[in-house]
Amino acid sequence: MSPTIERDLPPDELADVQAGLLPVRYDHRMQDVFLAQIDRLLRPGIRILDVGAGRAPTIPVGDRPAGCRYVGTDIDAAELAAAPPGAYDLAVTADATRPLPLDETFDLIISWQVLEHVSSMAGSLDSMHRALAPGGVLLAQLTGSRAAFALVARFMPHRIRVAAMSRFLGHADEEKFPTSYDGCTDHRLRLLLAGWSQVQVIPFYRGASYFTFSQPLRRAYLGYENQIARRDVRALATHYLVIAHK
Ligand SMILES: C[S@@+](CC[C@H](N)C(=O)[O-])C[C@H]1O[C@@H](n2cnc3c(N)ncnc32)[C@H](O)[C@@H]1O
């Protein structure tokens, strides 16, 4: 799998925004918002845990500050093993829904597009809370369970979903992991994060890329998405960025 998050690439939907085919909220990549939040927190010696890091650490070695300790964890040992040599100071195979088998704590936990895959959001937030040092921060981006494309995906067996995304969207099979969507709503996230000291759940309305195989369908979808974006119907957002302080 190629890294799903890469720096210094032009926004891939900008041309469609400039051509009037997509609304201006598509003029940047969602990952750039995530990376900007990470950049604000980076400092020499920072201890980072990348949850669901797989074969592509969210922060490549060359972009880490001096003295940074970078631990990667994933439920799938083969994914961690496929990461470039030296990607992690320590790679730990573990299920994020359970207390992580680590005898150290972290200043920053990052999790990019992983929490929609876990079987328990409550368990995952609890294990990440335990792994944070006092004052530590969790930055996580996930897909909303009520996004139109997620609702369709939830009713499809994983195998069919992978085949459909390969056929209609050209997604590589190995980039697709089974999804659970447990607790992937604004309401549930806020409830589960109630005990944290500071919490922001930022909604995005960015699902058009799932409809590129049919321009009429994409237009119809955008009519719907523009409405929920204008009214900021957070329950129906396509993605959420969570910024939570221990
Ligand atoms: C969409 S990939 C994202 C990988 C990487 N963060 C990236 O951006 O390239 C989702 C990852 O979450 C991992 N994963 C799924 N369920 C998990 C769990 N319960 N605990 C830890 N990792 C999990 C998968 O093995 C996979 O590597």
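This briefing describes selected residues and the nonpolar cores of the structure above. The model is predicted. Its largest nonpolar core has 35 residues, and a second, separate core has 24 residues. Two individual residues, Asp50 and Ala194, are also described: Asp50 is buried, whereas Ala194 is exposed.

**Nonpolar cores**

- Within the largest core, the residues with the most contacts are Leu49, Ile109, Leu138, Leu142, Leu189 and Leu193.
- Two or more residues of this core come from each of β1, β4 (106-112), α4 (121-131), β5 (132-143), α5 (148-154) and β7 (239-245).
- Beyond its neighbours within four places in sequence, Ile109 is in contact with Leu49, Val51, Met128, Ala131, Leu132, Val137, Leu138 and Leu139.

**The buried charge of Asp50**

- Asp50 lies in strand β1, which spans residues 47-51.
- Although buried, Asp50 has no salt bridge; Arg64, the nearest side chain of opposite charge, is 6.4 Å away.
- The Asp50 side chain does reach the backbone nitrogen of Thr58, at 2.8 Å.
- With neighbours within four places in sequence left aside, the contacts of Asp50 are Pro57, Thr58, Ile59, Tyr70, Val71, Gly72, Thr73 and Ile110.

**The exposed residue Ala194**

- Ala194 is located in the loop between α7 (186-192) and β6 (198-204).
- Ala194 counts as exposed because its relative accessibility is 59%, and the exposed class begins over 50%.
- Ala194 and Arg146 are 48 residues apart along the chain, and their C-alpha atoms are separated by 21 Å.

Key: Residues are numbered from 1 along each chain as its sequence is written. This is a predicted model: local features need pLDDT of at least 70, side-chain atom pairs count only at pLDDT 80 or more; totals for chains, interfaces and linings use all residues. Side-chain values use heavy atoms; hydrogens and water are left out. Helices (H or I, at least four residues) and strands (E, at least two) are DSSP runs, numbered from the N terminus. Buried means under 20% relative accessible area, exposed over 50%, partly exposed in between (1.4 Å probe, protein chains only). Lys and Arg count as positive and Asp and Glu as negative; His and the chain ends are not counted. A salt bridge is a side-chain nitrogen of Lys or Arg within 4 Å of a carboxyl oxygen of Asp or Glu. A polar contact is a pair of N or O atoms within 3.5 Å; within protein, one must be able to donate a hydrogen and the other to accept it, and residues adjacent in sequence count only if both atoms are side-chain atoms. Contact means heavy atoms within 4.5 Å. A nonpolar core is a set of buried Ala, Val, Leu, Ile, Met, Phe, Trp, Tyr and Cys residues joined through side-chain atoms within 4.5 Å.
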